[in-house]
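Trainee: I have a chain to go through. Please take me from the overall figures to single elements and residues.

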Amino acid sequence: MKLKKYIGPLLAVVLLILFDQWTKWLAAAHLMGKSPIVLWDGVFELHYLENTGAAFGIFKGQQIFFYVLTVIIAVGLLWFYSRIPQKRSYLLLRLPVLVCLAGALGNFIDRIFRGYVIDFFYFKLIDFPIFNVADIYITCSAVFFLLLFVFKYKEDDFSFIGKKKNASASVEAPSNTQEEHHDKAG
């Protein structure tokens, strides 16, 4: 059954979102209206922030923009995930897609239900913008995907993107395409 292969990934995304939402609930319950909790003096703090923008305060208050952007990103990630072959060799490619989706949806939930995103991790040493667990998901998955693209997968490994999906599709080497025919003839 086709849907069966998506139960595990769906459960993983839900669990990641629940963890993100739980940490934001903890931040609101223990940090809101209080002084930051210093974990490493001058380096790292837990500091409550209600963020209506993106990193570095850009697009502050532009909630409609974030709604549309998140839907586009989520649809794109779901489309990409559905195209990835169900081969063991592509497991490492599927993971960052799911983690990034969980991060995008975690912050989306905040924007829908609160009108802002709760941020609470603060690297004071470098005055890095305050962030949250969903932001970590997004950033780490983007870095991991980039590393996979540079060190593990090659351009040919992504040929599944342009192929039409069929019921028994798996990425196989083409068996006499026009390009191969042209290469043999030329």
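**From chain to helix 4**

Mentor: Of the 186 residues of the chain, 34% count as buried, where buried means under 20% relative accessible area, exposed over 50% and partly exposed in between (1.4 Å probe, protein chains only). This is a predicted model, in which local features need pLDDT of at least 70 and side-chain atom pairs count only at pLDDT 80 or more, while totals for chains, interfaces and linings use all residues. Residues are numbered from 1 along each chain as its sequence is written, and side-chain values use heavy atoms, with hydrogens and water left out.

Trainee: Which pattern does the chain follow along the sequence?

Mentor: Helices (H or I, at least four residues) and strands (E, at least two) are DSSP runs, numbered from the N terminus. Here the pattern reads α-β-β-α-α-β-α-α, with five helices and three strands.

Trainee: What share of contacts between residues at least 6 apart in sequence joins residues at least 24 apart?

Mentor: Contact means heavy atoms within 4.5 Å. In this chain the share is 65%.

Trainee: How is the span of helix 4 read against the expected one?

Mentor: The expected span is 1.5 Å times one less than the number of residues. Helix 4 (133–151) has 19 residues and reaches 26 Å from its first C-alpha to its last, close to the 27 Å expected.

Trainee: Which residues of helix 4 are buried?

Mentor: They are V133, A134, Y137, S141 and L148. Seen down the axis, these buried residues fall within an arc of 95°, so they line one face of helix 4; the arc is that of the directions from the helix axis to the C-beta atoms. Their cover includes helix 1 (4–31), helix 3 (91–113) and strand 3. The face turned away from the buried side carries the exposed residues L146 and F151.

Trainee: What caps the N-terminal end of helix 4?

Mentor: N132 does, with a side-chain oxygen 2.9 Å from the backbone nitrogen of A134.

Trainee: Where does D127 lie, and is D127 buried or exposed?

Mentor: D127 lies in the loop between strand 3 (117–123) and helix 4. D127 counts as exposed because its relative accessibility is 54%. Its phi is near 50°, a positive value in a residue other than glycine.

Trainee: Is T70 buried or exposed, and which residues does T70 touch?

Mentor: T70, in helix 2 (residues 63–83), counts as buried at 11% relative accessibility. Not counting residues up to four places away in sequence, T70 touches A104 and F108.

Definitions and conventions. Polar contact = N/O pair within 3.5 Å; in protein donor to acceptor, adjacent residues only side chain to side chain.
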